[in-house]
Amino acid sequence: MSRFLFVVPPFTGHVNPTIAVAAELVRRGHDVAWTGLPGATQALLPEGSTFLPATTAEVAAYVDAAGDRRPDLRGAAAFKFLQEEVLLPLADAMVDGVDAAVDAFGADVLVVDQQALAGAIVARRRGLRWATSATTSAELVDPLDGLPLVAAAMHQARVDLQVAHGIAAGDAAQGDLRTSPHLVVAYTSEALVGPVPGDAPIAFVGPSTLGRPEADDLDGYGLDPDRPTVLVSLGTLNAEAGARFFTVAAEACRDQPWQAVFVAPAELVPDPPANVVVRSRVPQLALLERCAAVVSHGGHNTVCESLAAGLPLVLAPIRDDQPVVADQVVRAGAGVRVKFARVKAEPLRAAIAVALADPDLRAAAARIQASFHAAGGTPSAADALEGLLPG
Amino acid sequence: MTDVDTTAPDAASVLAELERILTEVIGDDLLLDEPLSMATSFDEDLQLESIEFVALAEKLLDTYGERVDFVTWMAGMELDEIIALTVGQVVDFVVASLSGPAPAAGSPAEG
């Protein structure tokens, strides 16, 4: 029996993939716990989970407020804000609490999200075995390739952060807090990501979220079993920012031979066409089983769950890792891209029609689906993590 | 084309060409809000993504030849410079690149 501590950022998409992996480790006789910001993160975990808050509630409130300021930012400005105003301060604020959590829980192995760098700092400082939990695949292939000055500045900021927390400068400059030299668990497949440069020890395990429990209320949606269904989702963080997009998407669907389920607050789609159902939450896995295509912002979990169901995608990436993930899907041949901020109803309608009808897109989605099955999912992730335990 | 005219194009013609290129890269809805101008920013106004910068670099190369090495130019930028990058700066870069000496035939590409 060993103790695995998951170090997570306060983002749903980064916490969810750890839940099934942790459950599998428990099934194999290990102990698991999470550490992160108090409040919302803990609420994402199953009842009875061990959660050790790494900071005060003030830090959680700061990150929430930062998130509220972000919807207007895109591209490089959003990247700068995420790094400088969210991830680096978050890491700085979490180090002492993660360190205390390691002691309190008696952790043998840390499982560190790429956006919870405090875990990597603590593991390096204490000489603990640690795994990177790559809950999005965007950082596996460096998105700053081609911008060496930006990459160098980001690297230096992470070196400075380590030095500030007691790691010798020479050691801090080695390696990368985002990539453990022991193990990188990637919840995707090489067939989707493409070739990864370098020699990081990556375990491609496929999505781990496919078995999560859901409250299946689909019978109340009034879906026509004889019509193809399209899921339209902008994920958990972006629904509010999507007012324009949902309006356009509703027009795109009007009078079409398909039906659509929008994951959106009802007030954002005030007068939906007859073939559009609007729900603020959906049992996504069950719904995907009934869908024929998906319109997504390119969030890693929704994309991988859609491909795991063999569904082609229309991708409207907004910011951060989403353009990278969207690009992976397009290059794999399993989706088409539209411009989130500018797309109009007519081209979006055409893109949905292509996603529903094009046999090549469907074949590519089926190839990714097969690659996910072969990757093994949650048991493979647990195998890889158990591999970090001493003899 | 690599046999560039000895008379380098002026800013106005490069701006017009850049508008054509960006329309290809981004799509017809490029000019949804207002016409492209020297002050238009790539990040805030056009919301150009990294993959679209790659496409822009390729199209500049196709249009003006290897003297317009956008990739190397952008590689020299800090994050704040990328955030603040305007159409006017790219126009000036293209004009300046084309008014410099032509590369010797057979010289290796930079970068």
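A residue is counted as buried if 20 or more other C-beta atoms lie within 10 Å of its own. The model shown in these views is predicted.

**View 1. The buried residues of helix α5 of chain B and their cover.** In α5(B), the buried residues are B:Val87, B:Val90, B:Val91 and B:Val94. Because these buried residues fall within an arc of 105° when α5(B) is seen down its axis, they line one face of the helix. Among the elements that cover them are α1 (11-26) and α2 of chain B. Helix α5 of chain B comprises 13 residues (87-99), which at 1.5 Å a residue should span 18 Å; the end C-alpha atoms are 18 Å apart, in agreement with that expectation.

**View 2. The contact between chains A and B.** Here 19 residues of chain B are in contact with 18 residues of chain A. On the chain B side, α2 (50-64), α3 (70-75) and α4 (79-84) each supply at least two residues. The most is given by α4(B), with three residues. By class, this side of chain B has 10 nonpolar, four polar and five charged residues.

**View 3. The open sheet of chain A.** Six strands with parallel pairing follow the order β10-β9-β8-β11-β12-β13. The edge strands, β10 (276-279) and β13 (335-337) of chain A, each pair on one side only. From one strand to the next, the twist averages 15°.

**View 4. Strands β12 and β13 of chain A with helix α13.** Strand β12 (residues 313-315) of chain A pairs with β13(A) in the parallel sense over three bridges. Opposite A:Leu315 stands A:Arg337 of β13(A). Helix α13 (residues 322-331) of chain A lies across β12 and β13 of chain A and runs at about 130° to β13(A).

Technical notes
Residues numbered from 1 in each chain as written. Chains lettered and ligands numbered in written order. Predicted model: local features only at pLDDT ≥ 70, side-chain atom pairs only at ≥ 80, totals over all residues. Contact = placed C-beta atoms within 7 Å. Helix = DSSP H or I, 4+ residues; strand = E, 2+ residues; numbered from the N terminus. Nonpolar A, V, L, I, M, F, W, Y, C, P; charged D, E, K, R; others polar. Expected span 1.5 Å × (residues − 1). Buried ≥ 20, exposed ≤ 12 C-beta atoms within 10 Å, placed from the backbone. Arc of directions from axis to C-beta. Pairing = 2+ DSSP bridges. Axes fitted to C-alpha atoms, helices over the stretch in contact; angles between N-to-C directions.
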